[in-house]
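Student: I have a new structure open and would like to learn how to read it. Could you walk me through a few features?

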Amino acid sequence: MKFAVLTSNPSSFAYVASCLSSEEAECVRFDDALSLLRARRTETFDLLMIDAQHFRTAGQLVLSWRECNADMCWPTLVFGQFVDRGDMASAFDAGVDDVLTGHFSAEELQARVQRALRRAEPVRQNAGIHVVVGPYRLCRLTRTATVNSIPIRMTAREFATAWLLFSSPGSFLSRQQIASAVWGADASIVERSIEQHIYKLRKKLQFGPETGVELKTVYARGYQLAVQAASNEPAGPQARTILAA
């Protein structure tokens, strides 16, 4: 097994690696989110461990990226001391499987890791890889999209942006959320690129009355995928996530 450990603290990494030495696991240290995201292109990991000290910055970025990529459905464990107590709740909201705070023994870490791996197995086998909203169908595994069964060609970043929107119809998606998840950067740096991608998505996906789905820009809140309710259905988000067979 191979575990990715996101921490810039050599001592923390050395302790974690020593605790897991009996588990026949190779621990690979990454100082920042960018180096980890680059490594995932050529390496496969069985578990992601995030130093709580870096959760607000690198940790949340990696978890946002994971939401857009089906090949990153790694079980995730956060260890150490959070900068702020509220960060623990944010970690669970972001999809972390377990949190190990303060000082911990090798036995406790090993038990938590094994539990995370066991719990993640059925999730991996049944990970939601398709989202269906009205006439739209997106496949996260192949990064393809269709409208009324007609394939739509999109770049990787266009698809990642579309996946974020279609995964939460009716919700507001800020530019910072898109910038972090798709570009791995601050919104102020890629603001123009985001606008261009949204413009292209509107044209390619043919949002409007014909499809019953609109992509709205809401001042100070971001973007919203608005779904028109059928005449015999109540208004509200209408999305279906299809599980892998």
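Tutor: Gladly! Helix 6 and helix 7 are oblique to each other. Keep in mind as we go that this is a predicted model.

Student: How are two packed helices described?

Tutor: Two packed helices are described by the angle between their axes and the distance between the axes. Here, helix 6 (residues 156-167) and helix 7 (residues 175-183) pack at an angle of about 130°, and their axes are 10 Å apart. Angles under 35 degrees count as roughly parallel, over 145 as roughly antiparallel, and 65 to 115 as roughly perpendicular, with the rest called oblique. That is why helix 6 and helix 7 are termed oblique to each other. The crossing of helix 6 and helix 7 is right-handed.

Student: Which residues of helix 6 and helix 7 make the contact?

Tutor: Helix 6 brings Arg 157, Ala 160, Thr 161 and Leu 164, while helix 7 brings Ile 178, Ala 181, Val 182 and Trp 183. Sorted by kind, the residues of this contact are six nonpolar, one polar and one charged.

Student: Let me step back to the whole chain. How many helices and strands does the protein chain have?

Tutor: The secondary structure comes to eight helices and 13 strands. The chain has 245 residues, and 45% of them count as buried. Among contacts in the protein chain with a separation of 6 or more, 61% are accounted for by residues 24 or more positions apart.

Student: Is Leu 48 buried or exposed?

Tutor: Buried means under 20% relative accessible area. Leu 48 has a relative accessible area of 1%, so Leu 48 is buried. You will find Leu 48 in strand 3 (residues 47-51). Leu 48 and Phe 3 are 45 residues apart in sequence, yet their C-alpha atoms are 5.9 Å apart in space. Not counting residues up to four places away in sequence, Leu 48 touches several residues, including Ala 4, Leu 36, Val 62 and Thr 76.

Student: Where is Thr 76 placed?

Tutor: Thr 76 is in strand 4 (residues 76-80). Thr 76 is buried too, because its relative accessible area is 0%. Leaving aside neighbours within four places in sequence, Thr 76 is in contact with Leu 47, Leu 48, Ile 50, Leu 63, Arg 66, Val 96, Asp 97 and Asp 98.

Student: What lies 3.2 Å from a polar atom of the side chain of Thr 76?

Tutor: That is the backbone oxygen of Trp 74. Trp 74 is also one of the residues that Leu 48 touches.

Note on methods: Residues numbered from 1 in each chain as written. Predicted model: local features only at pLDDT ≥ 70, side-chain atom pairs only at ≥ 80, totals over all residues. Heavy atoms only, no water. Helix = DSSP H or I, 4+ residues; strand = E, 2+ residues; numbered from the N terminus. Buried < 20%, exposed > 50% of the residue type's maximum accessible area, 1.4 Å probe, protein only. Polar contact = N/O pair within 3.5 Å; in protein donor to acceptor, adjacent residues only side chain to side chain. Contact = heavy atoms within 4.5 Å. Axes fitted to C-alpha atoms, helices over the stretch in contact; angles between N-to-C directions. Left-handed = near helix turned anticlockwise from the far one by under 90°. Nonpolar A, V, L, I, M, F, W, Y, C, P; charged D, E, K, R; others polar.
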